[in-house]
Amino acid sequence: MFTLLHHPFCPQSRFIRLILGEHGLDVRPVEERVWERREAFLTLNPAGTTPVLIAEGIPAVPGAGIIADYLDETYGERVGERRLLPTSMPERIEVRRLMAWFNEKFFEEVSGPLVTERIYKRFMGEEIGGGPPETDVMRAARTNVRYHLAYIGWLARTRNYLAGDRLTYADLAAAAHLSAIDYLGDVPWVEDEAAKAWYARIKSRPSFRPLLSEWLAGVPASRTYVDLDF
């Protein structure tokens with residue numbers, strides 16, 4: 001049994017939850033509000049970010065990329081052709097490139113600002129940056145999501161999955177970040193049918209069901225978040 005310190009709408013945490021789901025691994029999710037800067041949490045991850053994976057017999061594993069590597073090295077071989085990080089070096093490079101694209105670039109430009117402004121700040125005190133969302137920040141993120149969606153659509157039109165012929169970490173990373181902002185209704189799906197069709201495929205997987213059950217009091221989910229046939 002794993003323990004995952006996460007926030008339900010942290011995109012990188014959602015990425016790890018999808019990986020755990022694809023592997024069929026049991027996990028006990030524990031919500032961590034990183035803005036509270038708990039001393040016990042900072043001891044596990046001085047960077048003060050989620051996710052952090054805890055398992056018996058090993059040090060706490062901090063950060064989405066490190067956790068993904070740990071899970072692949074520990075459980076990847078046993079799933080054979082369903083391995084989420086391919087074995088050939090060119091394929092691994094492409095998967096890791098796209099993982100970084102979504103966990104770093106997409107997060108910085110889109111999902112991070114939107115989740116912070118529309119969700120996290122609702123629970124943060126004014127003394128640590130809480131309060132009303134900044135409209136300029138949200139406007140910029142909503143503009144940025146359009147070129148990211150176009151890139152996803154291009155990948156989906158030229159490949160079976162984002163990084164190649166089969167499902168990989170790249171798909172799960174992209175879908176995790178999109179899911180967080182899709183809850184808020186901030187994905188312009190009408191602009192790219194290929195991206196929309198790809199996301200619908202990933203969203204229909206059993207590993208996605210726990211994410212779709214997440215609800216935030218006072219912030220209703222968008223229609224496309226709950227509708228598998230959007």
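Proline 51 lies in the loop between helix H2 (39-44) and strand E3; helices here are DSSP runs of H or I with at least four residues, strands are DSSP runs of E with at least two, and both are numbered from the N terminus. The peptide bond that leads from threonine 50 into proline 51 is cis, with omega near 5°.

The model is a predicted one, in which local features need pLDDT of at least 70 and side-chain atom pairs count only at pLDDT 80 or more, whereas totals for chains, interfaces and linings use all residues. Residues are numbered from 1 along each chain as its sequence is written, and side-chain values use heavy atoms, with hydrogens and water left out.

The sheet comes next. Its 4 strands follow the order E2-E1-E3-E4 in an open arrangement with mixed pairing, where two strands count as paired if DSSP finds at least two bridges between them. Strand E2 (27-31) and strand E4 (61-62) are at the edges, and each has a single partner strand, so one side of each lacks a neighbour in the sheet. Strands E1 (residues 2-6) and E3 (residues 52-54) run antiparallel and are joined by 3 bridges. Threonine 3 has isoleucine 54, in E3, as its bridge partner. Helix H1 (residues 11-23) packs on this sheet and touches E1, E2 and E3, its direction making about 160° with that of E1. Contact means heavy atoms within 4.5 Å; axes are lines fitted to C-alpha atoms, for helices over the stretch in contact, and angles run from 0 to 180 degrees between N-to-C directions.

At the level of the whole chain, an automatic or database assignment sets the domain bounds, giving domain 1 (2-82) and domain 2 (89-213). Their centres, taken over C-alpha atoms, are 18 Å apart. The contact draws 21 residues from domain 1 and 27 residues from domain 2.

Between them the domains bury about 2,300 Å², 64% of it on carbon and sulfur atoms; buried area is the accessible area (1.4 Å probe) that two parts lose on being put together, summed over both. On the side of domain 1, Phe9, Leu18 and Trp35 lose the most area to domain 2, together 30% of what that side buries.

The interface also holds 3 salt bridges, each defined as a side-chain nitrogen of Lys or Arg within 4 Å of a carboxyl oxygen of Asp or Glu. Arginine 96 forms a salt bridge with aspartate 69, with 2.9 Å between the closest N and O atoms. H1 and helix H3 (64-75) each supply at least two residues of the side of domain 1 that touches domain 2. H1 gives the largest share of that side, 9 residues.
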